[in-house]
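Here is a walk through one protein chain, from its overall make-up to a few individual residues. Keep the structure in view while reading.

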Amino acid sequence: MTAHGRNPTLSLLLWDVALPLAVYYGLRLAGQNEQVSLLAGAVVAGARIAWVAVRERSFDGFAALLAGVLGAGLVLSLASGDAKFLLLKESFATATAAIVLLVSCFSRTPMVLVAVRAGSNAAKRTEIDRLGDEVPAFRRAFTRMSAVWGVALLLEAAVRVPLVYTLSADVMNALSVALLIAVIGGLSLWSVRYAEKIQKRHSVTT
C-alpha cells in the first residue's frame, strides 16, 4: 500500500491481497498446475514485501501473510491424499491466516495496523504511531478490523469442511473459489468503508 493514493486502504487490498490472488487464479484458469500457480502468487507477494521494504523501509504485514498462506498451500499441494484431502488443504491455509490475524489482536500491533503503517510514508508512520499511543480508540479500531478479518476467514475455513464431504469434488472445486472470493470481496468492501470512517474521525490518512 502507498500513502500517496486517493484511497490508501483500497490500494492496500488491491496490491497486497487482490494481485497475488489474481495471479494464482489467473494461472489456474489458463491451465497451469496448482504448484506453479501457488508459487507465482507467493513470488508476487514476496516481491511486494521487498518493494515496500526498500521504498518505505517498513515491513508489509498483509503481503507477508498472504505469501505465507500461498506458501502453505504450495507445501500442502505436494502432499499425497484423496480428493477430499486436497480440497480441505485450502481450509488449512485460510485458517492459518485467520489465526495470525486473531493472535495479532492481543498485541499492540494488530495485523491491519502493521499493513497500513507499512504502506505509509515516514511522516504518516510518525502520525499513526502518535495516534496509536495517544488515542486508544484509534488502535482499537484497527484491532477490530483485524478481528473481523480473522473471524470471517476462520468461519470460511470451517464452512468449507462439511461442504467438502457433502458435495462432489467437481462442484466443490468451483464453489471453493467462489466462496473465498466472496469472503475476501466482502471483507475488502467493509474494510475500505470502515477505514474511511477512522480517517475522518481521527483526521489522518490511513
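**From helices to side chains**

The protein chain has eight helices and zero strands. Read from the N terminus, its elements run α-α-α-α-α-α-α-α. The model is a predicted one. Of the chain's 206 residues, 44% count as buried. Among contacts with a separation of 6 or more, 73% are between residues 24 or more positions apart.

A45 is part of helix α2, which covers residues 34-56. Its relative accessible area is 1%, under the 20% limit, so A45 is buried. A45 and A64 are 19 residues apart along the chain, and their C-alpha atoms are separated by 6.8 Å.

Helix α4 covers residues 83-104, and S91 lies in it. S91 has a relative accessibility of 4% and therefore counts as buried. Which residues does S91 contact, leaving aside its neighbours within four places in sequence? They are A157, R160 and V161. With R160 there is also a polar contact: the two side chains are joined at 3.3 Å.

Another serine, S104, lies in helix α4 as well. Its relative accessibility is 8%, so S104 counts as buried. When neighbours within four places in sequence are left aside, S104 is in contact with T109, P110, M111 and S146.

The next stop is a pair of helices. Helix α6 spans residues 122-134 and helix α7 spans residues 136-166. The axes of α6 and α7 come within 5 Å and cross at roughly 105 degrees. How are α6 and α7 oriented to each other? An angle from 65 to 115 degrees counts as roughly perpendicular, and α6 and α7 are therefore roughly perpendicular to each other. On the α6 side, the contact is made by I128, L131, G132, D133 and E134. These meet P136, F138 and R139 in α7. The residues of this contact of α6 with α7 divide into four nonpolar, one polar and three charged.

F138 leads on to the aromatic rings. How many aromatic pairs does a search of the whole structure find? It finds two. One is formed by F138 and F142, with 5.2 Å from centre to centre and 65 degrees between the planes. This pair is edge-to-face, because planes over 60 degrees apart count as such. F138 and F142 are four residues apart in helix α7, which means that about one helical turn separates them. F138 has a relative accessible area of 0% and so is buried. F142, at 1%, is buried too.

The rings of W190 and Y194 also form a pair, with centres 5.0 Å apart and planes at 10 degrees, so this pair is stacked. Both residues lie in helix α8, residues 169-202. W190 and Y194 are four residues apart, about one turn of the helix. Are W190 and Y194 buried or partly exposed? W190 has a relative accessible area of 29% and is therefore partly exposed. Y194 has a value of 13%, so Y194 is buried.

Technical notes. Residues are numbered from 1 along each chain as its sequence is written. This is a predicted model: local features need pLDDT of at least 70, side-chain atom pairs count only at pLDDT 80 or more; totals for chains, interfaces and linings use all residues. Side-chain values use heavy atoms; hydrogens and water are left out. Helices (H or I, at least four residues) and strands (E, at least two) are DSSP runs, numbered from the N terminus. Buried means under 20% relative accessible area, exposed over 50%, partly exposed in between (1.4 Å probe, protein chains only). A polar contact is a pair of N or O atoms within 3.5 Å; within protein, one must be able to donate a hydrogen and the other to accept it, and residues adjacent in sequence count only if both atoms are side-chain atoms. Contact means heavy atoms within 4.5 Å. Axes are lines fitted to C-alpha atoms, for helices over the stretch in contact, and angles run from 0 to 180 degrees between N-to-C directions. Angles under 35 degrees count as roughly parallel, over 145 as roughly antiparallel, 65 to 115 as roughly perpendicular and the rest as oblique. Ala, Val, Leu, Ile, Met, Phe, Trp, Tyr, Cys and Pro count as nonpolar, Asp, Glu, Lys and Arg as charged, and the others, Gly among them, as polar. Rings of Phe, Tyr and Trp (its six-membered ring) pair if their centres lie within 6.5 Å; planes under 30 degrees apart count as stacked, over 60 as edge-to-face and the rest as tilted.
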